[in-house]
Amino acid sequence: MPSSARPSLRRARVASLVPGLAVVAAGVAVAVWLGSVQSVLGSLVIALLLGVLLGNSGRYTPALRPGVTAGTKKLLRAGVVLLGLQLALPDIVALGLPVLGLIIACVALSYIATLQLGLRLGLTRAGATLMAAGFSICGASAIAGLQGVVDADDDETAGAVAMVTLYGSLMIVVLPVLGGLLGLREDRFGLWAGLAVHEVAQVVAVAGTAGATALAVATVVKLGRVLMLAPVAAVASLGERRRAAAPAGVHRPVAARDADPEDLRGPARPKVSSPPVVPLFVLGFLAMVAVRSLGILPDPALEGSRTLTTILLAAGMFGLGAGIDLRRLARTGRRFAVVGALSTVLLAGGSLLGVLLLA
């Protein structure tokens, strides 16, 4: 291609993105605003829903698709990286070893149980992994982080986000009632809310009903769960590498071992690329946690990072939502709903037991 033609080609590509990017910008603006005026649905969930509405409205024209889907996964991962700036290790360490141990135990047991439930009830490994991450760690943000690691499709991502939203919203109603019936102290109720509720916004809504002390405890505990995103993503990536390499280790039948190697080769198989041992976005997330923990960023910079994190994740969620086929999702939604219900009950019950044992 002549060098003189390259600038015009680049301009044409950029121009093709503009209509879709304008729609994404409008959708993100609406999602962020709606997320700020109520606490039941977070901005990320609203952005996903707006994307789903666009994708299934008949108005999602070919002219919009390039801009809407451009960089969806990169936006999601960039948002997860910046999420690390919301976590200060001294605040989490100040919770004390018993609470830290309870956070790790709840996340680990919930993740393993939800993953196994999903597999047994017919979800794909990718779908089950997203459900496990969303319910045990931090809702839609965790789902966004793991989506690319396990190569889940848009419908599986939507199913997991929908269930986190549904059952997390139910917890806003149920947990304060149960906390009152059980007579939990304010700090203990905050601990339970931070351990049991899925989304950060939902945790704030639940704990806020019990007072400032409950809200402060719940928020820090929830951020401790968010920190578990890094090791869980690394473990999931290692699992994907092992499964990608499995065909190379398949044993040949005994009768075939003495045959001519030329006869055993068969058609050449394409090489399957393995995911990295630790995804780059996880390293970036940990780097941002370290920066926040050093206390070198001023408050205005931290506030700006929160806003930018929300915008990046919401833009990625909007792009994911636009690619979702509601009719196809409806056919698999029942299994996601059952897994979500069981996972919610297990996490709420198990974390309550832990809180009562600490009391």
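User: Which helix gives the most residues to the lining of the largest pocket?

Analyst: In this predicted model, several helices each supply at least two residues of that lining, among them α1 (6–36), α2 (43–55), α12 and α16 (299–322). By class, the lining has 18 nonpolar, 14 polar and four charged residues. The helix that gives the most, with five residues, is α16.

User: What volume does the largest pocket have, and which residues are the closest to its centre?

Analyst: The volume of the largest pocket is about 880 Å³. Of the 36 residues that line this pocket, the closest to its centre are L83, Q86, V200, A201 and T310.

User: How many charged residues are in the lining of the second largest pocket?

Analyst: The second largest pocket has a volume of about 260 Å³, and of its 14 lining residues the closest to the centre are A105, C106, L109, L346 and G350. Two or more lining residues come from each of α6 (97–120) and α17 (326–358), with α6 giving the most, eight residues. Divided by class, the lining has eight nonpolar residues, six polar residues and, as for charged residues, none.

User: At roughly what angle do the axes of α7 and α12 cross?

Analyst: The two helices, α7 (residues 125–138) and α12 (residues 212–227), have axes that come within 8 Å. Their contact is made by F135, S136, I137 and C138 of α7 together with K222, R225 and V226 of α12, a set that divides into four nonpolar, one polar and two charged residues. The axes of α7 and α12 cross at roughly 145°.

Terms used
Residues numbered from 1 in each chain as written. Predicted model: local features only at pLDDT ≥ 70, side-chain atom pairs only at ≥ 80, totals over all residues. Heavy atoms only, no water. Axes fitted to C-alpha atoms, helices over the stretch in contact; angles between N-to-C directions. Helix = DSSP H or I, 4+ residues; strand = E, 2+ residues; numbered from the N terminus. Contact = heavy atoms within 4.5 Å. Nonpolar A, V, L, I, M, F, W, Y, C, P; charged D, E, K, R; others polar. 1 Å grid on protein atoms, 1.4 Å probe; cavity = no way out; pocket = protein on both sides within 12 Å on 5 of 7 lines; lining within 4 Å. Points joined across faces, edges and corners; volume = space filled by probe spheres on them.
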